[in-house]
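Let me put the structure up, and then I'll talk you through a few parts of it.

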Amino acid sequence: MLDKNNLPPCPVALMLKLIGNKWKILIIRDLLTGTKRFGELQRSVGCSQKVLTDNLRELEENSLVKRKVYPEVPPKVEYSLSKTGFTLEPVLNSMAEWGETYRSLLLK
């Protein structure tokens with residue numbers, strides 16, 4: 001979790017600290033389309049259970065992801081973006097647009 005008293009002064013550095021690895025960005029990408037269960041995220045993102053768990057915990061601690069546990073056997077857990085997490089949508093859309101532009105430049 002970020003120390004709120006010791007945030008990076010640069011806003012870009014702050015953003016990278018929050019979502020600066022490929023797993024977190026892919027998790028956010030998937031949750032932009034709606035609530036997902038752990039197994040769905042793991043299949044889509046393509047990382048190990050430990051990596052996904054660690055990244056989901058960090059995203060939750062930083063108020064970007066919400067976790068809902070249903071009292072069932074076996075336990076059912078769902079993940080969704082928080083209101084703050086949804087504010088990343090234009091950022092990911094810009095990244096996707098840039099990626100498409102880059103891809104088309106390489107294919108010329």
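Predicted model: local features only at pLDDT ≥ 70, side-chain atom pairs only at ≥ 80, totals over all residues.

The protein has six helices and three strands. If you read along the sequence, the pattern goes α-α-β-α-α-β-β-α-α. As for dimensions, the C-alpha trace spans about 55 × 40 × 25 Å along its principal axes. There are 108 residues, and 26% of them are buried. And if you take the contacts between residues at least 6 apart in sequence, 46% of those join residues at least 24 apart.

Two packed helices are described by the angle between their axes and the distance between the axes.

Start with H2, residues 22-31, against H3, residues 38-45. Their axes come within 10 Å, and the crossing angle is roughly 120°. Angles of 65 to 115 degrees would count as roughly perpendicular, so at roughly 120° H2 is oblique to H3. The crossing of H2 past H3 is right-handed. Who's touching whom? On the H2 side you've got Trp-23, Leu-26, Ile-27, Arg-29, Asp-30 and Leu-31, and they meet Leu-41, Ser-44 and Val-45 of H3. By residue type, that H2 with H3 contact splits into six nonpolar, one polar and two charged.

From H2, the residues involved are Trp-23, Lys-24, Ile-27 and Ile-28, and from H4 they're Val-51, Leu-52, Asn-55, Leu-56, Glu-58 and Leu-59. The breakdown for the H2 with H4 contact is seven nonpolar, one polar and two charged.

Okay, on to the two residues. First, Ser-82, which sits in the loop between strand S3, 76-81, and helix H5, 83-86. Is Ser-82 buried or exposed? The cut-off for buried is under 20% relative accessible area, and Ser-82 comes in at 9%, so it counts as buried. What does the side chain of Ser-82 reach? It gets to the backbone oxygen of Ser-63 at 2.6 Å, and to the backbone nitrogen of Gly-85 at 3.0 Å. If you skip the neighbours within four places in sequence, Ser-82 is in contact with Ser-63, Leu-64, Val-65 and Lys-66. Take Val-65 from that list: Ser-82 is 17 residues away from it in sequence, and the C-alpha to C-alpha distance is 5.1 Å.

Last one: Glu-78, over in strand S3. Glu-78 has a relative accessible area of 18%, so it's buried as well. Its side chain makes a polar contact with the side chain of Tyr-70, at 2.9 Å. Not counting residues up to four places away in sequence, Glu-78 touches Thr-35, Lys-36, Arg-37, Lys-66, Arg-67, Lys-68 and Tyr-70. You'll have spotted Lys-66 in there: Glu-78 touches it, and Ser-82 is in contact with it too.

That's me done, so over to you.

Methods: Residues numbered from 1 in each chain as written. Heavy atoms only, no water. Axes fitted to C-alpha atoms, helices over the stretch in contact; angles between N-to-C directions. Helix = DSSP H or I, 4+ residues; strand = E, 2+ residues; numbered from the N terminus. Parallel < 35°, antiparallel > 145°, perpendicular 65-115°, else oblique. Left-handed = near helix turned anticlockwise from the far one by under 90°. Contact = heavy atoms within 4.5 Å. Nonpolar A, V, L, I, M, F, W, Y, C, P; charged D, E, K, R; others polar. Buried < 20%, exposed > 50% of the residue type's maximum accessible area, 1.4 Å probe, protein only. Polar contact = N/O pair within 3.5 Å; in protein donor to acceptor, adjacent residues only side chain to side chain.
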